[in-house]
Amino acid sequence: MLRLDRFSSFALCIFGVLPMAATAQISDSCKSVLTGQRLTVIVPNAAGGGYDTYARALAPVIDAVAGLQSSVVNMPAAGGLVALTTLADSGPDELVVMVENGTDVLRAEVQDGASAWSERVQRIGVFHAEPSAWVGKPDMDFINAENLVAASSSADGIVEFEFGGQAVGKVVKLISGYDGSKETEAAVLRGDADFMSGSLTTSLKAAKSGDLTVQLLLSDKPSDRAPGVPHIAGEDGLAAQLAKDLSPEERAKRIEIAGLVVDLSYDVRTVFTHSTLRQDLRECLTEAVADAIRDPAFAETAEAQGRPVTPMDPDESADLLASQMVSVAKLAEMVKAQ
């Protein structure tokens with residue numbers, strides 16, 4: 001479904017050095033609206049992480065494209081809730097964006113069944129999307145285990161861990177409160193937890209040393225990037241395989257849950273703004289972000305840090321969001337029924 005934009009080759013850009021000059025150009029009317037204005041780029045994580053890397057690579061390109069004056073602000077408090085609330089509460093004349101996993105915003109709606117965040121914030125660009133994965137020690141007997149412990153930085157793990165466990169017939173206990181992927185990785189290495197979760201890129205980095213391995217792809221198909229690793233969803237997925245001796249109804253239920261988990265664990269690297277932003281500003285900011293995420297300067301700087309950039313077409317982004325919203329509604333009903 002995702003379209004991969006291939007950029008021409010440029011000399012290696014070292015992070016921290018100003019990126020190459022942006023080549024994209026927004027319309028003259030939007031340039032006149034945006035030039036000289038201040039843009040706040042919020043990151044709901046601590047400095048140094050993946051989304052911080054993306055934000056600091058993107059901000060100067062937006063400035064070059066639109067004539068803005070950007071500053072990056074890290075707001076990791078309360079698991080990113082402070083950042084999300086700050087964005088949503090911004091005023092109609094305040095140019096504010098947030099660089100975050102778009103799926104994280106939707107997952108918050110599953111537990112309370114509300115649609116508040118999807119009404120208060122708006123996706124204006126998706127610059128990469130990939131499945132998540134479960135990662136554990138090489139000797140972890142994932143297939144035969146019935147009870148597992150997951151390490152997470154967020155308590156909002158009902159989708160990926162509880163429902164993911166249900167899909168493959170496992171009871172998953174969640175230990176949350178870790179500060180990012182490095183701490184969850186350390187918890188698994190110490191034996192405090194059986195596995196952690198992260199985007200496929202993050203998971204492969206964690207497994208690079210050989211002390212951890214990718215155990216399960218939260219996708220509906222295999223990945224060439226993780227050969228031999230089972231995927232959870234689809235008729236040939238692990239959920240279906242482990243349910244082969246169950247009743248047709250129970251097997252179908254597990255396959256359905258696995259598909260919903262895939263929809264709401266996908267890592268969708270997104271630029272958000274707030275829905276209260278004045279329409280003319282929002283339209284021009286959307287145009288500027290769309291041009292910036294496709295600019296080779298952004299890709300070169302991010303990819304030099306091992307952060308892939310594959311901008312999504314607006315129609316594809318809209319289709320993905322629509323599919324995820326359907327999954328949000330279905331899982332919210334399942335939560336209520338529990």
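Contact means heavy atoms within 4.5 Å of each other. Helices (H or I, at least four residues) and strands (E, at least two) are DSSP runs, numbered from the N terminus. Axes are lines fitted to C-alpha atoms, for helices over the stretch in contact, and angles run from 0 to 180 degrees between N-to-C directions. The model is predicted: local features need pLDDT of at least 70, side-chain atom pairs count only at pLDDT 80 or more, and totals for chains, interfaces and linings use all residues. Residues are numbered from 1 along each chain as its sequence is written, and side-chain values use heavy atoms, with hydrogens and water left out.

**The sheet with E5**

Five strands form an open sheet of mixed pairing, in the order E7-E6-E8-E5-E9; two strands pair if DSSP finds at least two bridges between them. At its edges lie E7 (171–175) and E9 (213–218), each of which pairs on one side only. Neighbouring strands of this sheet are turned by 35° against each other on average, with direction ignored. Strand E5 (residues 132–136) and E9 run antiparallel and are joined by five bridges. Within this pair, Trp 134 has Leu 216 of E9 as its bridge partner.

Helix H6 (residues 158–167) lies across E5, E6 (147–151), E7, E8 (195–199) and E9, and runs at about 80° to E5. Helix H7 (residues 181–190) packs on the sheet and touches E5, E6 and E8, its direction making about 150° with that of E8.

**The sheet with E1**

Another open sheet of five strands has mixed pairing and the order E2-E1-E3-E10-E4. Its edge strands are E2 and E4 (121–130), each pairing on one side only. The twist averages 20° from one strand to the next. Helix H13 packs on this sheet, where H13 touches E4 and E10 (267–274), and its direction makes about 100° with that of E4.

Strand E1 (residues 38–43) runs parallel to E2 (residues 69–74), and six bridges join them. Ile 42 stands opposite Val 73 in E2. From E1 the chain crosses through helix H2 (residues 50–66) to E2, and this β-α-β crossover is right-handed (with the strands pointing away from the viewer, the path from the first strand over the helix to the second runs clockwise). E1 also pairs with E3 (residues 96–101), in the parallel sense and over three bridges. In E3, Met 98 stands opposite Ile 42.

**Helix pairs**

| Helix pair | Angle | Axis distance | Crossing |
|---|---|---|---|
| H10 and H13 | about 125° | 9 Å | left-handed |
| H2 and H11 | about 120° | 9 Å | right-handed |
| H6 and H10 | about 155° | 8 Å | left-handed |

A crossing is left-handed if the near helix is turned anticlockwise from the far one by less than a right angle, and right-handed if clockwise. Angles under 35 degrees count as roughly parallel, over 145 as roughly antiparallel, 65 to 115 as roughly perpendicular and the rest as oblique. For the contact classes, Ala, Val, Leu, Ile, Met, Phe, Trp, Tyr, Cys and Pro count as nonpolar, Asp, Glu, Lys and Arg as charged, and the others, Gly among them, as polar.

The angle of about 120° between H2 and H11 (residues 279–293) makes H2 oblique to H11. H2 contributes Leu 58, Val 61, Ile 62, Val 65 and Ala 66 to the contact, and H11 contributes Ala 288, Val 289, Asp 291, Ala 292 and Ile 293. By class, these residues divide into nine nonpolar, no polar and one charged.

With an angle of about 155°, H6 is roughly antiparallel to H10. Their contact is made by Val 159, Glu 160, Phe 163, Gly 164, Gln 166 and Ala 167 of H6 together with Arg 254, Ile 257, Ala 258 and Val 261 of H10. It has six nonpolar, two polar and two charged residues.

H10 (residues 248–263) and H13 (residues 314–337) pack at about 125° and are therefore oblique to each other. On the H10 side the contact is made by Glu 256, Ile 257, Leu 260 and Asp 263, and on the H13 side by Ser 323, Gln 324, Ser 327, Lys 330, Leu 331 and Met 334. Four nonpolar, three polar and three charged residues make up this contact.
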